[in-house]
Amino acid sequence: MTRPGFVHQALCYGSDEDFLDGAATFALDGLYADDTVLAVLAPRNIGLLGRALGLRSCEVEFALADDWYGCPSRTLGQYHAYCAEHDPGGAGRPSRVRIIGEPVWPGRTEFETREWMRYESLLNVAFAGTAHWILCPYDIRVLPAAVVRSATRTHPELALGTGETTVSDRYTDPADFCAECDAAESGALPAGHDDIPFGRDRSADARHALRSYARDLGVPEQRTHDMVAAVHEVMVNSVRHGGGRGVLRLRNDVEYVICEVSDIGTARLIPAPPFPGHLPPDRGAVRGHGMWVVRQLSDLLTETFDPTGSVVRLYFKRAVTV
């Protein structure tokens with residue numbers, strides 16, 4: 001079965017047979033249509049799908065979900081790069097990429113789960129206007145009910161197996177869904193005695209302090225470099241658009257190093273772009289790359305843009321010592 005335009009479907013399955021009815025049919029339809037087929041799944045489902053496809057399994061590219069679903073922004077960037085690589089860009093018929101992508105939900109915190117739900121919603125914006133097709137399996141036997149319910153809100157269609165689909169009557173516009181995610185985030189971090197002020201002439205002090213903070217926590221050198229580069233970019237934006245000065249707050253917990261950049265704001269309202277930094281920028285664009293790069297370097301990020309003072313909080317996974 002072929003269809004025009006971008007298609008994004010959830011496959012909520014309750015048995016191995018249900019999974020194969022949807023996934024194997026989807027993959028075979030893609031191979032018959034000469035589409036590129038990528039299956040990013042847990043090892044068990046890779047085995048199930050590979051055996052079901054038989055000799056044609058060698059025509060499908062398989063990848064482990066744990067290797068792809070590390071952090072939402074980088075996963076989106078990885079899929080975007082993969083699709084761009086397999087699209088001839090006008091050299092004949094554009095190539096459709098079919099993806100079976102099963103996010104990794106177990107072991108996530110409430111915050112992490114919410115950001116992965118946001119990621120599923122953002123796929124509808126990131127790939128709008130393309131011809132690609134993404135099928136996202138959800139194992140209702142093991143997943144929390146809230147995660148399964150979210151699939152009906154982040155996917156315009158639900159796959160019913162053997163090629164049948166239905167429109168999701170609970171589908172929510174990504175702008176509204178992301179606004180709900182934003183509303184669930186906590187407020188700014190409380191002030192601390194070791195907070196680091198920055199401004200047009202003091203950003204170097206903040207970078208040095210951050211580097212020292214990361215070193216004391218045992219963060220690897222390359223990860224520290226990423227952290228400093230991402231935070232510096234956010235501070236530059238705050239200086240440029242947030243009144244010229246602000247505060248860098250550094251915190252940590254067992255999972256993350258947390259870097260919060262807040263500014264004093266400005267009376268002049270500068271509308272924030274939709275989905276700031278979530279979507280891959282146009283390669284030819286002069287502006288608009290900064291927040292995308294920041295999200296690629298960090299593991300999670302939340303932001304509140306406000307003329308009275310904006311807050312950007314960056315999370316970087318740290319090594320857990322035993």
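Reply: With rings of Phe, Tyr and Trp (its six-membered ring) taken as a pair if their centres lie within 6.5 Å, the count comes to twelve aromatic pairs. The model is predicted, so local features need pLDDT of at least 70 and side-chain atom pairs count only at pLDDT 80 or more, while totals for chains, interfaces and linings use all residues. Residues are numbered from 1 along each chain as its sequence is written, and side-chain values use heavy atoms, with hydrogens and water left out.

Me: What makes F19 buried?

Reply: Buried means under 20% relative accessible area (exposed is over 50%, partly exposed in between, with a 1.4 Å probe and protein chains only), and F19, at 0%, is therefore buried.

Me: Why is the pair of W68 and Y79 tilted?

Reply: The planes of W68 and Y79 stand at 40 degrees, with the ring centres 4.9 Å apart, so the pair is tilted. Both W68 and Y79 are buried.

Me: How do you know that R98 lies over the face of F26?

Reply: A charge sits over a ring if NZ of Lys or CZ of Arg is within 6 Å of the ring centre and within 35 degrees of the ring normal; R98 lies over the face of F26 at 5.2 Å from the ring centre. R98 is also buried, because its relative accessible area is 1%.

Conventions: Rings of Phe, Tyr and Trp (its six-membered ring) pair if their centres lie within 6.5 Å; planes under 30 degrees apart count as stacked, over 60 as edge-to-face and the rest as tilted.
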